[in-house]
Amino acid sequence: MELAYTPEQQAFRAEVRDWMAANVPARPLVTLEREEGYHQHVAWERRLAEGNWGMVTWPEAYGGRGLDLIQWLIFEEEYYRAQAPLRVNQNGIFLLGPTIMEYGTDEQKARFLTPMAKGEVIWAQAWSEPNAGSDMAAIKTRAVRDGDHYVISGQKTWSSRASFADWGFGLFRTDPESKRHKGLSFILFDLNTPGITRRPIRQFHGDPGFAELFFDEVRVPVENRIAAEGEGWNVAMATAGFERGLMLRSPARFQAAAARLVALFREHRDRASPAAREQVLAAWMGAQAYAYNTYAVASKIMAGGHIGAEASLNKIFWSELDRAMHRTAMQLLGATAELRQFAGDRANDWLEGYIFSLAGPIYAGSNEIQRNIIAERLLGLPR
């Protein structure tokens, strides 16, 4: 494949680069997993929306620019090149938004997509329960129909962004007699609805990036359900495909990290081992390979294709690449790396990134589950 950009694509890259140079904050924002940083990141989302950069691939009618996936990849490359803030609304724009595009009614698209693209409503993801993590078919939280409302009772856990977000989406069991994949519905809910209690979960580093959600007879309008009642599993699998596949982890994220890792290696070359050099090379090549593969997948989709079970290949690759890159960085920094968080220097980014990378093989469906999917659905092996 010869990867060459058209003059129009090159002009678009220049436009993005100029805007980022003029607008990206000069100093890093506080982490979005603290309340102060969360509000800073929401303000950044609204700055993006002012420039019409909230979600460039969406139709103009829903707050986007109507651009194609190649232009989105170019946007992402310039976004990470500028070291712009992380996207606090990634659950909305990268996961729920495409799901509503595919399964939502016209009324739901008009109601939810534009505020999402503009950063006016920030979304939490509420899949997991105490006994239903990667095995989402074990979900038990009930949504009982009562006229034009569902009455929801139960508990969700490890709900990302739920400590501070405005709305959430998740799977609920609308048929109490059903088992496993059947009888589940995909429902959106306002996190400030009476009867919802949020309990932040402190992570390794002490910040509440997740929350438990308790539903005590919470009334949610039926019109907030995406697709037909009982069809939630199919909808959720589409959302999981977006999570594991193209959008959630763009290759630019890993290319930027690989470039930083090369610079770190050069800084510590005198005491780096030969093995560290090979690990840095492998990280750089892995990031490039992932980028080229993503361009191929984007071209396939633009030609009318779809992402299927191969999304599981993506998820395993980027999660293990991320962990390997950050492990190598920690080795280059040496034993003092764990103390750098108190020094206020760039090494703290590597420490924070390393801690987060350890979760990569777990979230978006554990890598063990992904290997089962690959074995059964791509390779045709027996269960």
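## Terms and model

A residue is buried when its relative accessible area is under 20%, exposed when over 50%, and partly exposed in between (1.4 Å probe, protein chains only). The structure is a predicted model, in which local features need pLDDT of at least 70, side-chain atom pairs count only at pLDDT 80 or more, and totals for chains, interfaces and linings use all residues. Residues are numbered from 1 along each chain as its sequence is written, and side-chain values use heavy atoms, with hydrogens and water left out.

A salt bridge is a side-chain nitrogen of Lys or Arg within 4 Å of a carboxyl oxygen of Asp or Glu. The whole structure holds 15 salt bridges. In one of them Glu77 pairs with Arg13, with 2.8 Å between the closest N and O atoms. Because Glu77 belongs to helix α3 (residues 69–81) and Arg13 to helix α1 (residues 7–23), the pair ties together parts that are 64 residues apart in sequence. Helices (H or I, at least four residues) and strands (E, at least two) are DSSP runs, numbered from the N terminus.

Glu77 is buried, at 18% relative accessible area, and Arg13 is buried too, at 17%.

## Salt bridges from strands

Lys156 forms a salt bridge with Glu129, the closest N and O atoms being 3.0 Å apart. Lys156 sits in strand β3 (residues 149–160) and Glu129 in the loop between β1 (123–126) and β2 (142–146), so this pair links parts 27 residues apart in sequence. Both Lys156 and Glu129 are buried.

Arg145 and Glu229 also meet in a salt bridge (3.9 Å, N to O). Arg145 is partly exposed, at 47%, as is Glu229, at 38%.
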